[in-house]
Amino acid sequence: MIKKLSANDLHFLKLQQDLVNSSIPSGGGSPPKNPSATEFLDLMEKGIKEINIGAREAEKASMDLASGRTSNIHETMLAVTKAELGFNMMVQMRNKVIEAYQEVMRMQI
């Protein structure tokens, strides 16, 4: 069915946001703020909001079908599948971000 974001997922996204917004001092000062980092953060926030909206719409369509308010199973299944695909894409993006973070942590200084 539809998977909801857990508290751990939200905590991880908050940590990512904090990591993106933090600046690491280098030698004589801190690097200038990267505008592409805020663009990435905005893109991620927008994507999460859209996925959440899709999940709510799918849940509403499922409830309408179950209660008999609608009899169109095709639209309901499309909404549920769309929400599931969006969630799976978000999970894969999270996994890639974790892999990239782990790769950076393995780098020798």
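Modeller: Asparagine 95 lies in helix H3. The model is a predicted one.

Biologist: Why is asparagine 95 called partly exposed?

Modeller: Its relative accessible area is 25%. Buried requires under 20% and exposed requires over 50%, with partly exposed in between. Asparagine 95 is therefore partly exposed at 25%.

Biologist: What makes the pairing of asparagine 95 with arginine 94 a polar contact?

Modeller: The side chains of the two residues are 3.1 Å apart in this contact, and the cut-off for a pair of N or O atoms is within 3.5 Å. Residues adjacent in sequence count only if both atoms are side-chain atoms, and here the contact runs from side chain to side chain.

Biologist: Why is aspartate 64 called buried?

Modeller: Aspartate 64 is placed in helix H2. Its relative accessibility is 13%, and buried means under 20%, so aspartate 64 counts as buried at 13%.

Biologist: Which residues is aspartate 64 in contact with, leaving aside its neighbours within four places in sequence?

Modeller: They are Arg69 and Thr70. Contact here means heavy atoms within 4.5 Å.

Biologist: Why does valine 104 count as partly exposed?

Modeller: Valine 104 belongs to helix H3, which covers residues 73–106. Its relative accessibility is 49%, and exposed begins over 50%; valine 104 therefore counts as partly exposed at 49%.

Biologist: What makes up the nonpolar surface patch that includes Val104?

Modeller: Tyr101, Val104, Met105 and Met107 make this patch, of about 440 Å².

Biologist: Which residues make up the largest nonpolar core?

Modeller: The five residues are Ala58, Ala61, Ala79, Val80 and Ala83. Helix H2 (35–67) and H3 each supply at least two residues of this core, and H3 gives the largest share, with three. Members of such a core must be buried and joined through side-chain atoms within 4.5 Å.

Biologist: How do you know that the order of elements is α-α-α?

Modeller: The secondary structure comprises three helices and zero strands, and the elements run α-α-α from the N terminus on.

Biologist: What share of the protein counts as buried, and what share of the accessible surface belongs to carbon and sulfur atoms?

Modeller: Of the 109 residues, 17% count as buried. The accessible surface comes to about 8,800 Å², and 61% of that surface belongs to carbon and sulfur atoms.

Conventions
Residues are numbered from 1 along each chain as its sequence is written. This is a predicted model: local features need pLDDT of at least 70, side-chain atom pairs count only at pLDDT 80 or more; totals for chains, interfaces and linings use all residues. Side-chain values use heavy atoms; hydrogens and water are left out. Patches are made of residues with over 30% relative accessible area and no salt bridge: like charges are joined within 9 Å, nonpolar side chains (Val, Leu, Ile, Met, Phe, Trp, Tyr) within 5 Å. Accessible areas come from the Shrake-Rupley method with a 1.4 Å probe; for residues, only the protein chains shown count as cover. A salt bridge is a side-chain nitrogen of Lys or Arg within 4 Å of a carboxyl oxygen of Asp or Glu. Helices (H or I, at least four residues) and strands (E, at least two) are DSSP runs, numbered from the N terminus. Buried means under 20% relative accessible area, exposed over 50%, partly exposed in between (1.4 Å probe, protein chains only). A polar contact is a pair of N or O atoms within 3.5 Å; within protein, one must be able to donate a hydrogen and the other to accept it, and residues adjacent in sequence count only if both atoms are side-chain atoms.
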